[in-house]
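Please look through the sequence and the structure shown here before reading on.

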There are 2 protein chains.
Amino acid sequence: MVQSHRRATIVDVARHAGVSTKTVSRVLNGQPHVTEDIIRKVKDAAAAVDYHPNMMARALVQRRSHLIGLVYENPSPSYVVDLQKGVLERLRDEHYRLVVIPIASISQHEADVVGLLRSAALDGVVLAPPASDSARIMQDLTTAGIRFARIAPTRLIEAGPSNLIDDVSAAREIAEHVIRLGHRDIAVISGDPTHASADARMQGFRQAFAAAGVPLPAHRIATGYYTYESGHAAARTLLARRDRPTAILAQNDDMAVGALIATLESGLTVPGDLSITGFDDSEVARITWPAITTVRQPVFDMAVAAADMVVAQLQDTAPLMCRSHRHELIVRQSTGPCPA
Amino acid sequence: MVQSHRRATIVDVARHAGVSTKTVSRVLNGQPHVTEDIIRKVKDAAAAVDYHPNMMARALVQRRSHLIGLVYENPSPSYVVDLQKGVLERLRDEHYRLVVIPIASISQHEADVVGLLRSAALDGVVLAPPASDSARIMQDLTTAGIRFARIAPTRLIEAGPSNLIDDVSAAREIAEHVIRLGHRDIAVISGDPTHASADARMQGFRQAFAAAGVPLPAHRIATGYYTYESGHAAARTLLARRDRPTAILAQNDDMAVGALIATLESGLTVPGDLSITGFDDSEVARITWPAITTVRQPVFDMAVAAADMVVAQLQDTAPLMCRSHRHELIVRQSTGPCPA
DNA sequence: ATGAAAGCGCTAACAA
DNA sequence: TTGTTAGCGCTTTCAT
């Protein structure tokens, strides 16, 4: 209250407590070799002058901003929310803050991404798809000395700490589920072609189809962009044909919901006339009627693990280099037997 | 490449270019009074030594971290996504970064929030409900010298830059819509009681009911928490009674979706047997079948405006102190005439 | 138009 | 156990 207007610094605290600044620093950082008595005195002084540490000064000298970035594209809101929750969960009691870095189109801005991260003074970043598949970004990150961990990369697994899922098997399994229900006229709504997951999931579908001798002609494949709208539009196209399919496999849940609504709008029933599957098990798949059969990819868990890998590197703990996460087929009400 | 390992600083650039550090700083910040010739030389030198500015040093001396926070509770994912998109939209070309600060329960942690923000070295924050209604938080923010702007506060409007919506009128209008359709047995699912919006919306409902002489007995009011699950549970309770309502007014869209699914699960049709309304017009209200009648609250626009108010304060531009945003009744397929 | 020197607030060596 | 001193990398008076 004596202070006119500027914020109190450790110098003020030191003077008030009658000790040196280094002692104040020691007390404030909980370092050893200080008497109980002095600790008391310093803490009282800090309270008395209303001291609050200046994080920027601390960051400068420690070369640590305590900022972690999350890089993602933005197609699916529920995916992004899961991602954020996971990273935040791990960072909660860690004194790191989360900076969100949505990039409109990573494939188009590969070269600029790390410049952006640099200018934000991030200590580390979690790379969500498709950034997690960019050799260029990982290269630049290494050059810049920014630690990173990857979520669901599909290639160059050795290139950095990775959280893996088996998109191919997951896709195969959900396709097998639909085939087991007797469907043979099956259409696919694929994801954003710039995301490698779209390839992997398609590959899994094809494996199941091939094994069962089910055809997948080109006119049964529609391209989406992992958004609700694109799934809706794709389904309309697929259903407009005279030989409409009896099942649609969407490559994520948002598109599946889009397909579901388009189907219901057209007067068909699900799963009576048409079965629909999603992918990821995001929240949207649970809040529809009928609820959507999907395959759970543990996005939240991967985000927790990825954040953990980043933190480990920053603390010089040996980071886990690679971790696999399990998927799980979740059968709900959007799939049923093939109609006669 | 001569440098062993440490990052290049302006000192390196200065030496390389044969000028002083101040000149380098001037060039890098685009300040006047430098010859074209020198500008060239400095820029070349910067590129040659692979210089990248250290944002923490800059932050320290400028007393600006260039970090903006977004404080929110987490009930509704789509609300949060809209909020984030809005703030990011305004910050996009502004050289500010967004730090997300979800708080589990603001009403329980009021006293700690600003400490958290302080320790994150934020220049400013956008306060979403219910933080935007906390006198304590605003007080602490002012003390800490952190600029802020509020989204949808309901009280103490003068206490800081605010983006207002008229929740009372919006609620009244949507209730009137349902009453006009002939409903008189109407139930309400209210929002989280710690959010002032729940009160305001209830007040609007009551105005409409009173004007039309429609009763609202206590057993027709169920308390939710702005989540899908709470809406689902509340609807189950409301529908379990013998004298079930013919319409349910939910105080946000997530709860309305929960109510919709619960209704469909119980074998009733919407809007045939029961009409349902939401609130906010978030994405979830569009991606159900039937789509949900709601009243649009421009969350995205408010977030853009709030971010703008924060940036304006940081740039010493006179900030707009108060801005009103319009709501709009959006009639979709979840409401229909009262069944006979 | 350019440069020298003094900080911003903090922590880390090194003394005492 | 405690204090002194020297930076971290940048911007900013104030000279020149």
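In this predicted model, A:Met309 counts as buried because its relative accessibility is 2%, and the cut-off for that class is under 20%. The residue belongs to helix 12 of chain A, which covers residues 299-314. When neighbours within four places in sequence are set aside, A:Met309 is in contact with A:Ala149, A:Pro161, A:Ser162 and A:Asn163, and also with A:Pro319, A:Leu320, A:Met321, A:Cys322 and A:Arg323. A:Asp166 stands 143 residues away from A:Met309 along the chain, and the C-alpha atoms of the two are separated by 20 Å.

**The contact between the chains**

How many residues does each chain bring to the contact between chain B and chain A? Chain B gives 42 residues and chain A gives 41 residues. Between them the two chains bury about 3,700 Å², and 68% of this area lies on carbon and sulfur atoms. Seven residue pairs are found in polar contact across the interface of chain B and chain A, with both residues at pLDDT 80 or more, whereas the count of salt bridges between the two chains is zero.

On the side of chain B that touches chain A, two or more residues come from each of helix 4 (55-62), strand 1 (67-72), helix 5 (77-91), strand 2 (97-102), helix 6 (106-118) and helix 11 (253-265) of chain B. Strand 2 of chain B provides the largest share of this side, with six residues. By class, the side of chain B that touches chain A is made up of 25 nonpolar, eight polar and nine charged residues.

**The protein around the DNA strands**

For the atoms of DNA strand D within 4 Å of the protein, 67% belong to sugar or phosphate, and the rest belong to bases.

| Residue and its atom | DNA strand and its atom | Distance |
|---|---|---|
| A:Ile10, backbone N or O atom | DNA strand C, phosphate oxygen | 2.6 Å |
| A:Lys22, polar side-chain atom | DNA strand C, base nitrogen | 3.2 Å |
| A:Asn29, side-chain N or O atom | DNA strand C, phosphate oxygen | 3.1 Å |
| A:His33, polar side-chain atom | DNA strand D, phosphate oxygen | 2.6 Å |
| A:Thr35, polar side-chain atom | DNA strand D, phosphate oxygen | 2.6 Å |
| B:Asn29, side-chain N or O atom | DNA strand D, phosphate oxygen | 3.1 Å |

The surface near DNA strand C receives two or more residues from each of helix 2 (21-28) and helix 4 (55-62) of chain A, together with helix 2 (21-28) and helix 4 of chain B. For the surface near DNA strand D, at least two residues each are supplied by helix 2 and helix 4 of chain A and by helix 2 and helix 4 of chain B.

Sorted by class, the surface near DNA strand C holds 10 nonpolar, nine polar and five charged residues, and the surface near DNA strand D divides into 10 nonpolar, nine polar and five charged residues.

How values were computed. Residues are numbered from 1 along each chain as its sequence is written. Chains are lettered from A and ligands numbered from 1 in the order in which they are written. This is a predicted model: local features need pLDDT of at least 70, side-chain atom pairs count only at pLDDT 80 or more; totals for chains, interfaces and linings use all residues. Side-chain values use heavy atoms; hydrogens and water are left out. Contact means heavy atoms within 4.5 Å. Buried area is the accessible area (1.4 Å probe) that two parts lose on being put together, summed over both. A salt bridge is a side-chain nitrogen of Lys or Arg within 4 Å of a carboxyl oxygen of Asp or Glu. A polar contact is a pair of N or O atoms within 3.5 Å; within protein, one must be able to donate a hydrogen and the other to accept it, and residues adjacent in sequence count only if both atoms are side-chain atoms. Helices (H or I, at least four residues) and strands (E, at least two) are DSSP runs, numbered from the N terminus. Ala, Val, Leu, Ile, Met, Phe, Trp, Tyr, Cys and Pro count as nonpolar, Asp, Glu, Lys and Arg as charged, and the others, Gly among them, as polar. Buried means under 20% relative accessible area, exposed over 50%, partly exposed in between (1.4 Å probe, protein chains only). A residue is near a molecule or strand if one of its heavy atoms lies within 4 Å of it.
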